[in-house]
2 protein chains.
Amino acid sequence: MSRILSARDLEFLLYEWLDVEALTKRSRFAEHSRETFDAVLEVSARIAEREFAGHNRKGDLQEPTFDGGRVTVIPEVESALRAFHESGLLGGALDEEIGGLQLPHVITRSCFAWFQAANIATSAYPMLTMATVNLLLAYAGQEHVDAFVRPMVEGRFTGTMCLSEPQAGSSLSDVTTRAVPAGDGTYRLHGSKMWISGGDHELSETIVHLVLARVAGAPAGVKGLSLFIVLKHLLGPDGAPGERNDVVLVGLNHKMGFRGTTNAVLSFGDGTHAPRGAAGAVGYLVGEEGRGLAYMFHMMNEARIGVGAGAVALGYTGYLHALAYARERVQGRPPGDKDPSAPPVPIVRHPDVRRMLLASKTYVEGGLALILYAAKLLDEDSPDAPLLLDVLTPIVKAWPSQWCLKANDYAIQVHGGYGYTREYPVEQFYRDNRLNPIHEGTDGIQALDLLGRKVTMDGGAGLSLLLRTMGETTSRAPRELSGMARALDAARGRLAEVTRTLWASGDPRTALANATAYLDAAGHIVVAWMWLEQAIAAHGKRGAFYDGKRLAATYFFDHELPRTGPWLDLLARGDTLLADLDDDLL
Amino acid sequence: MSRILSARDLEFLLYEWLDVEALTKRSRFAEHSRETFDAVLEVSARIAEREFAGHNRKGDLQEPTFDGGRVTVIPEVESALRAFHESGLLGGALDEEIGGLQLPHVITRSCFAWFQAANIATSAYPMLTMATVNLLLAYAGQEHVDAFVRPMVEGRFTGTMCLSEPQAGSSLSDVTTRAVPAGDGTYRLHGSKMWISGGDHELSETIVHLVLARVAGAPAGVKGLSLFIVLKHLLGPDGAPGERNDVVLVGLNHKMGFRGTTNAVLSFGDGTHAPRGAAGAVGYLVGEEGRGLAYMFHMMNEARIGVGAGAVALGYTGYLHALAYARERVQGRPPGDKDPSAPPVPIVRHPDVRRMLLASKTYVEGGLALILYAAKLLDEDSPDAPLLLDVLTPIVKAWPSQWCLKANDYAIQVHGGYGYTREYPVEQFYRDNRLNPIHEGTDGIQALDLLGRKVTMDGGAGLSLLLRTMGETTSRAPRELSGMARALDAARGRLAEVTRTLWASGDPRTALANATAYLDAAGHIVVAWMWLEQAIAAHGKRGAFYDGKRLAATYFFDHELPRTGPWLDLLARGDTLLADLDDDLL
């Protein structure tokens, strides 16, 4: 069995639960069938195994280097990306007319999970390129689509998102990069950008940076931000990359994990190059001035789902490695069985090892269900789907970042001392996954987004929709699952109630000071819902796989959902400790 | 203010809470005074700052290497150890007649916390030597004390504990290293030992390995284990190290953290050397045959408290770094304050950053209180003290391993992207601390020890004593703290009740399958007790320091103690899910 991801679980989620085959009735997907879906899934598993997994450790040990103005990356990355591009998966969900395969997002998301699980660092390059492509298709003019997007879909150009600056990470309203109109329709940019994944390398003919900057005279705050395309190499009249633009790599960041992805500090317009004989990096405005952050949210929302998916993928492969190890590694006897002459048993027989594995199973399979549910919302033409996705996005990003990371932590623990060494892959999975609660908006930012924006917008329409959708599930639950359905109904009832209480107080400071407890509670309730959904899909089916789903659902409802009790209690009483805290006392 | 540890907090815990000065009335400590205590604490802080902290990162980056039969360690380690030995702290708690300073353990534990916080990897060498010394003083004959212990106290020899083997880590009953009587009172040992910290290096004249092995013909299981002293270099007639014994370094382990400590696979008696012309590593029996594990538990209990202390120290320094960063780093505006023209604020003003810092404060200060409380039990002549320490030991080891590690996780999160880079020390603190839930008995082993042994021994005398001792605290609580006292009384009542329920069922499998939930609950209740103790000690005192203690106690009771609810519920209903689990379903 693969230790990267479970094809069987994907099959269950896609076909037995989400009924993805039914999407082929939509005209957009009419060319597809279960056979084509299975074919791209199998190709993904194969390329992930053959081209991505093999250099995962090497990429961690041999980080990109910056010498003589060039970034060097281990050669395996280039061949892995070539195989990925040749598969056509980079444009998997795109329209055929732009060179895409016009697959449902739920399929391309499943495909990409194989690459993320096999090698999160190498998979970051196409992930960023895909996000760049999608943003430009949504907001850029046809000229830019033709010039920049098509070569990205073909794998010739790569993309990045340049938001953060050294003094402005979570707080994008403080972005100071300047853009000055050059008089010819282009702009000249000056400033520094930080944490730019894929920010420099020689893996593509040029790099398409999407850069948030402030046009001279624009208002302070996020309303003054505009979005620009800034190429590393400008395109010549033939559309081929040529002259260097004034985008310069200042240095590479050296991270705890994700080491195989170049992560750069970039300087725009510092005068190293003077493209077309003038100062500043040449930039092309995307859409309208002042709408930069709104456009970027398109990319960020996609990236947030991608981060959640990456967290799930890393947790999942960690779980599979731990499970395989626990079945192979023989040591000791279960507690209560103290006969020293009895042969030792595989450690999977020890209850505490099982506890960690079962908990991990609920985190990673529950997380994967959540990711695929969210991806399928992109494929649906129901009017509710975008709103439901909107309210779920902070949970889709943050919950796996926390709990699938916990699965990686357990994977180390199951391996014992061996898991703490760099001879086993689980410690790298942990280090890689530890980025996910930080980037694309920290989990704290997701909590503020959920409680401060998503559940209040449109008079609470998003939260109402979410609670109602969960209710549709509980009302479908068969009698044998009525205990879970009742528990979920009680939990969603309490969530609705504390949300009202928090906002009824008219004191946003207190409400928002407890936003993390709210996100924690909402996340666990949503994943309990995902488990009830899976239990319903498995209902009446026989065999170890379905019994495993029932067992995991039972565990999640018995051991995990009760965690929400103290969080909801805290929210219900409107705890003011954090809001009123005098930080001199820390 | 130091970012290593808080001298002010130590002062509060030692003098305002634990009344350590009163120990000087005991004849053992009659030579001491608050002045001598303060002097060794200051010396420790100074040496930790000057000699240990500086190479903490370098030791992580430049791991020990093994080449040409020799282990090379960065030179700063040797000079740090020299400074440590010159301070006399290695024998801090030992009798004066063996060259010790005869200080209370609570003082030497506080001193050593400075070194652990400054550089956990370098501090591991003296920690192991101290544990070796203490075991030999307790069980070895005078001849071995004179030959091996005195040079260790002087810093000339170092010590190790050799328990684990490649196939036997948690399960010591499966140890297979053999010892054959040589006919001259010595033994010859053959076997492999794994995970030996300080297992080889050139930092001392010789290394004193304490090795668990099985004498030919001994019974299976732990009752067949004996303990041996095995020197790297045998001592000549003059007592000076000379001829190589047949202990050979097979390889070094490469860990996620703790990289500065050599961690070795050792082979005993593989024939590389043939000391005194015969096969096998020369070993000297400690005490009696068959009592090896009992002796080793002396060392292991000490090492477990040391591991808990190390976890606290790493969490503490992580918290202090995060706090300092949060006061310096300016970014964004608190939620609800959206005026983009308002100046950005230090991130300590953001409620979610405060939440992480305050939670961390309760973990690390609560953990330090627990460690010092346990250390002081070693100094007391009350007949109850050893039993109380015995029941607390698994909590002292496991609780900081989990929650002070969480403080390190939060320290990364508070730093955001910067905290995830190797340019800031907090990611190393996390990696270093991640070992602590694994070594000296995994947290799962601690849970079995607590529920399966410590709370049942002597008809439950240990647990009764613990609960009664907590009750003495709640009965001392002033009226203003009566809410906390009531909450703690309720919690200890529930702990007593679930313990009875678990064991009354007569089904140890089910009880032990939930041992981790029991440890989690007991740990949080014990630390709540530590916080009530601190709140009482701070009661009626004015100033930010004491207000901070009150705030932290409030947080722990309001936000942390309620976590025990779901764990206790699970235990109360005797959940059988993990005990009965079919591992084919994972």
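**Cysteines, symmetry and selected elements**

Reply: Cys404(A) is buried, with a relative accessible area of 0%, where buried means under 20% relative accessible area, exposed over 50% and partly exposed in between, with a 1.4 Å probe and protein chains only. This is a predicted model, in which local features need pLDDT of at least 70, side-chain atom pairs count only at pLDDT 80 or more, and totals for chains, interfaces and linings use all residues. Residues are numbered from 1 along each chain as its sequence is written, chains are lettered from A and ligands numbered from 1 in the order in which they are written, and side-chain values use heavy atoms, with hydrogens and water left out.

Me: How many disulfides does the structure hold over all chains?
Reply: A disulfide is counted here when a pair of cysteine sulfur atoms lies within 2.5 Å. For Cys404(A), the closest cysteine sulfur is that of Cys111(A), and at 19 Å it is too far for a bond. Over all chains, the number of disulfides is zero.

Me: Which rotation superposes chain A on chain B?
Reply: The copies are superposed by least squares on the C-alpha atoms of residues with pLDDT of at least 70 in both. The superposition has an RMSD of 0.0 Å and a shift along the axis of 0.0 Å, and its rotation is 180 degrees. That is the relation of a two-fold axis.

Me: In chain A, which C-alpha is nearest the axis?
Reply: The C-alpha in question lies 3.6 Å from the axis, and it belongs to Arg563(A).
As for how the copies meet, 100% of the interface residues of chain A are also interface residues in chain B, so they meet through the same surface.

Me: Which residue of S9(B) is the bridge partner of Leu235(B)?
Reply: Strands S8 (residues 233-235) and S9 (residues 241-244) of chain B run antiparallel and are joined by two bridges; strands are DSSP runs (E, at least two residues), numbered from the N terminus, and two of them pair if DSSP finds at least two bridges between them. Five residues lie between the strands of this hairpin, where Gly239(B) takes a positive phi near 85 degrees. The bridge partner of Leu235(B) is Pro241(B).

Me: Is Asn253(B) buried or exposed?
Reply: Asn253(B) lies in the loop between strands S10 (247-252) and S11 (263-268) of chain B. With its neighbours within four places in sequence left aside, its contacts (heavy atoms within 4.5 Å) include Thr421(A) and Trp195(B). At 12% relative accessibility, Asn253(B) counts as buried.

Note on methods. Helices (H or I, at least four residues) and strands (E, at least two) are DSSP runs, numbered from the N terminus.
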